[in-house]
Amino acid sequence: MTVRADILFAADLHGHRPFYEQALALARSLGARALLFGGDLAPHADPPAQSAFFQAYFLPLLREYRSEPGAAEVHYILGNDDWRASLPPLLQAGVTGMHHAHLAVRPLAAGGWIAGLASVPATPFLMKDWERWEDGLSEMTRWEGYRSEPDGTLRPFDFTGCEKAESIAGDLAEIARVEGTPRDPLVCLFHAPPHGTALDQIRGGFHVGSREIRAFLLRRRPLLALHGHIHESPEVSGRYVDRVGETLCVNPGQRLGEKLHAVWFDMADVPGTLTHSIYGRAGR
Ligand SMILES: [Fe+2]
């Protein structure tokens, strides 16, 4: 039986080339109309090494894929492990049908709309380009780290004294502003998962997702929210799907092993068609 699906989604590929090859092969075999990448696309490295990955591998691969007849449109965000300095070359590459989704709301070829958010609540890590304030941050949060300049140099950055100047709530308000009147059905492509779900658990079952994203989903009620960031959560919780209010939420996880964690579905029946590359059907 040939399986077909409108949309293919994966996050946290972290520059793993076999994962990109698997994602494109899956998009071809499913006949996907949209391929969504949910952040943490580059290898964990300094800005020049990430830039080299995008220039020498990612962009040529995607440019070639997009030239194929029937290729899916691509929507992507970066994640907290991708330096912001990597973004301008991606935007300037001019690959047709490849769209940066952060703080944007765009139509999907498969029907509906997509809204993107790369921002994550501040973490214990050093890369601070996409980190933002929200209430309830863990005691493990590190306030100092680095942000990247457009030329790829790093400058020390410290949230102390300007903690609330940039917030997840502020970014979500920007998405609402860009959207204007509600565009439904809406698919959210948000790197950070909502707090207190099966999708935001680290080892020990502690929840580290975003409270503001959870509140946004309850308020805005999108059809679907696609997340990454907490690679181990589906393994820890035993589920890759959860609900926040009426919104179906998904974090496929990523083990950085041999096989890509990804999900695919049809827009007309997301709960009935949602399938994981390793864990299988979500079920009705
Ligand atoms: Fe990641």
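Me: Which residues form one aromatic cluster in this model?
Reply: Glad you asked! Tyr-20, Phe-37, Phe-53, Phe-54, Tyr-57 and Phe-58 make up one aromatic cluster. Please keep in mind that the model is predicted.

Me: How many aromatic pairs does the structure hold?
Reply: There are 14 aromatic pairs in the structure. One of them joins Phe-53 and Phe-58, with ring centres 6.4 Å apart and planes at 40 degrees.

Me: Why is the pair of Phe-53 and Phe-58 called tilted?
Reply: Let's take the distance, then the angle. The centres are 6.4 Å apart, and rings pair if their centres lie within 6.5 Å. Planes under 30 degrees apart would count as stacked and over 60 as edge-to-face. The planes here are at 40 degrees, so the pair is tilted.

Me: What makes Phe-53 count as buried?
Reply: Buried means under 20% relative accessible area. Phe-53 has 5% relative accessibility, so Phe-53 counts as buried.

Me: Why is the pair of Phe-190 and Phe-216 called tilted?
Reply: The ring centres of Phe-190 and Phe-216 are 5.7 Å apart and the planes stand at 50 degrees, so this pair is tilted. That angle falls between the cut-offs of 30 and 60 degrees.

Me: Which parts does the pair of Phe-190 and Phe-216 tie together?
Reply: Phe-190 belongs to strand β11 and Phe-216 to helix α5 (residues 211–220), so the pair links parts that are 26 residues apart in sequence. Both Phe-190 and Phe-216 are buried.

Me: How do you know that the charged end of Arg-84 sits over the ring of Trp-130?
Reply: The distance to the ring centre is 4.2 Å, and the cut-off is within 6 Å. The charge must also lie within 35 degrees of the ring normal. Arg-147 likewise lies over the face of Phe-157, at 3.9 Å from the ring centre.

Me: Is His-229 buried or exposed?
Reply: His-229 is at 14% relative accessibility, so His-229 counts as buried. Although not a glycine, His-229 has a positive phi of about 80 degrees. Its place is the loop between β12 (224–226) and α6 (233–237).

Me: What makes Leu-103 partly exposed?
Reply: Buried needs under 20% and exposed over 50%. With a relative accessible area of 25%, Leu-103 is therefore partly exposed. Leu-103 also has a positive phi, near 55 degrees, and is placed in the loop between β4 (98–100) and β5 (105–107).

Note on methods. Residues are numbered from 1 along each chain as its sequence is written. This is a predicted model: local features need pLDDT of at least 70, side-chain atom pairs count only at pLDDT 80 or more; totals for chains, interfaces and linings use all residues. Side-chain values use heavy atoms; hydrogens and water are left out. Helices (H or I, at least four residues) and strands (E, at least two) are DSSP runs, numbered from the N terminus. Buried means under 20% relative accessible area, exposed over 50%, partly exposed in between (1.4 Å probe, protein chains only). Rings of Phe, Tyr and Trp (its six-membered ring) pair if their centres lie within 6.5 Å; planes under 30 degrees apart count as stacked, over 60 as edge-to-face and the rest as tilted.
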